[in-house]
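Good morning, and thank you for making time on the agenda.

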Amino acid sequence: MSKPVLHGISSSRAFRSIWAAEEIGVHYEHVPTTFREDSKAAEYLAVNPNGRIPALVDSQEDGELKLFESMAINMYLAKKYGSGLLPPGLAAEARTWQWSIWGISEIEPLQMQIVIQKFFLPAEKQDAEVVRRAGKGLARPLQVLEDTLAGQPYLLGEQFSLADLNLAGVMELLNMVQFDLSAWPNVQAWLERCRGRDSYARAKQVGA
Ligand SMILES: N[C@@H](CCC(=O)N[C@@H](CS)C(=O)NCC(=O)O)C(=O)O
């Protein structure tokens, strides 16, 4: 069977799936599809009609799977190729979904408001009040994470797992905007542990 093909560049939300592929150690083909022109080409829209990165194409016994959404791609890669990144059992899988969906719904919209202000708007259109309100909104989920990580190094307990990779992958955008996490030291230390993995450094080198 051919290798899975992963589209996207590491300086984007595709980083989450590149990191997962590197952590799992699956042999994959990387296509450095960008989030501007490349992702709007007809050929790519046939893979991901949303015109966004990442996307994955993988062969199946009964045909080809085309998949979008970073969290779904990561769960698929971990289940098909994973080497212990997804701990066994339904409860561990459910908690992995929990943290992944939580990241996408509780953290992502607020952090994106900050990213848009800091990276995508010209200085004269940036609104410090939007950044302040988004930061205030993040305090509640960050405290939940802070309390969860009190007394355990990783989200599911003692071992790094897909739950950590997915959530730390989502929170990479907070890293990019240099969001001040000093009020949440457990979160800060956990992110540093996650980012200390060899797979994280390798993923950063893949098609930035
Ligand atoms: N929820 C999606 C978000 C994907 C996404 O929005 N990717 C951005 C790059 S950071 C993109 O491709 N943007 C291009 C566009 O919106 O046209 C995921 O996690 O995969």
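I shall take the domains, the nonpolar cores, the aromatic pairs and then some local backbone features.

First, the conventions. This is a predicted model, in which local features need pLDDT of at least 70 and side-chain atom pairs count only at pLDDT 80 or more, while totals for chains, interfaces and linings use all residues. Residues are numbered from 1 along each chain as its sequence is written, and side-chain values use heavy atoms, with hydrogens and water left out.

Let me begin with the domains. The chain is divided into domain 1, which comprises 5–84 + 200–205, and domain 2, which comprises 90–197; these bounds come from an automatic or database domain assignment. Between the C-alpha centres of the two domains the distance is 21 Å. In terms of contacts, meaning heavy atoms within 4.5 Å, 15 residues of domain 1 meet 22 residues of domain 2. The area buried between the domains is about 1700 Å², with carbon and sulfur atoms giving 65% of it. Buried area here is the accessible area, with a 1.4 Å probe, that two parts lose on being put together, summed over both. On the side of domain 1, W19, M71 and M75 supply 36% of the area buried against domain 2, more than any other three residues.

I turn to the nonpolar cores. By a core I mean a set of buried Ala, Val, Leu, Ile, Met, Phe, Trp, Tyr and Cys residues joined through side-chain atoms within 4.5 Å. Buried is under 20% relative accessible area, exposed is over 50%, and partly exposed is in between, with a 1.4 Å probe and protein chains only. The largest nonpolar core has 54 residues, and those touching the most other members are W19, L142, L145, M171, F179, V187 and W190. Several helices each supply at least two residues of this core, including α1 (15–24), α5 (128–148) and α8 (185–195). Helix α4 gives the most, with eight residues.

V47 is placed in the loop between α2 (42–45) and β3 (55–60), and it is buried, with a relative accessible area of 13%. Beyond residues up to four places away in sequence, V47 touches H7, A55, V57 and K66.

Next, the aromatic residues, with W19 as the point of reference. Leaving aside neighbours within four places in sequence, W19 is in contact with F160, L165, A168, G169, C194, S199, Y200 and A203. The structure holds seven aromatic pairs. Rings of Phe, Tyr and Trp (its six-membered ring) pair if their centres lie within 6.5 Å; planes under 30 degrees apart count as stacked, over 60 as edge-to-face and the rest as tilted. The rings of W19 and F160 have centres 6.3 Å apart and planes at 40°, so this pair is tilted. It links helix α1 with the loop between α5 and α6, 141 residues apart. W19 and Y200 form an edge-to-face pair, 5.2 Å centre to centre with 80° between the planes. Here the partners are in helix α1 and helix α9, 181 residues apart. W19 and F160 are both buried, and Y200 is buried as well. Ring pairs link F15, W19, Y154, F160 and Y200 into a cluster.

Two charges sit over rings, a term that requires NZ of Lys or CZ of Arg within 6 Å of the ring centre and within 35 degrees of the ring normal. R197 lies over the face of F160, at 3.9 Å from the ring centre, and K204 lies over the face of F15, at 4.4 Å.

Finally, the backbone. I53 and P54 are joined by a cis peptide bond, with omega about 10°, and P54 lies in the loop between α2 and β3. P54 is also among the contacts of S17, a residue of helix α1 that counts as buried at 0% relative accessibility. Q178, which is not a glycine, has a positive phi of about 55°; Q178 is in the loop between α7 and α8 and is exposed, with a relative accessible area of 70%.

Technical notes:
Helix = DSSP H or I, 4+ residues; strand = E, 2+ residues; numbered from the N terminus.
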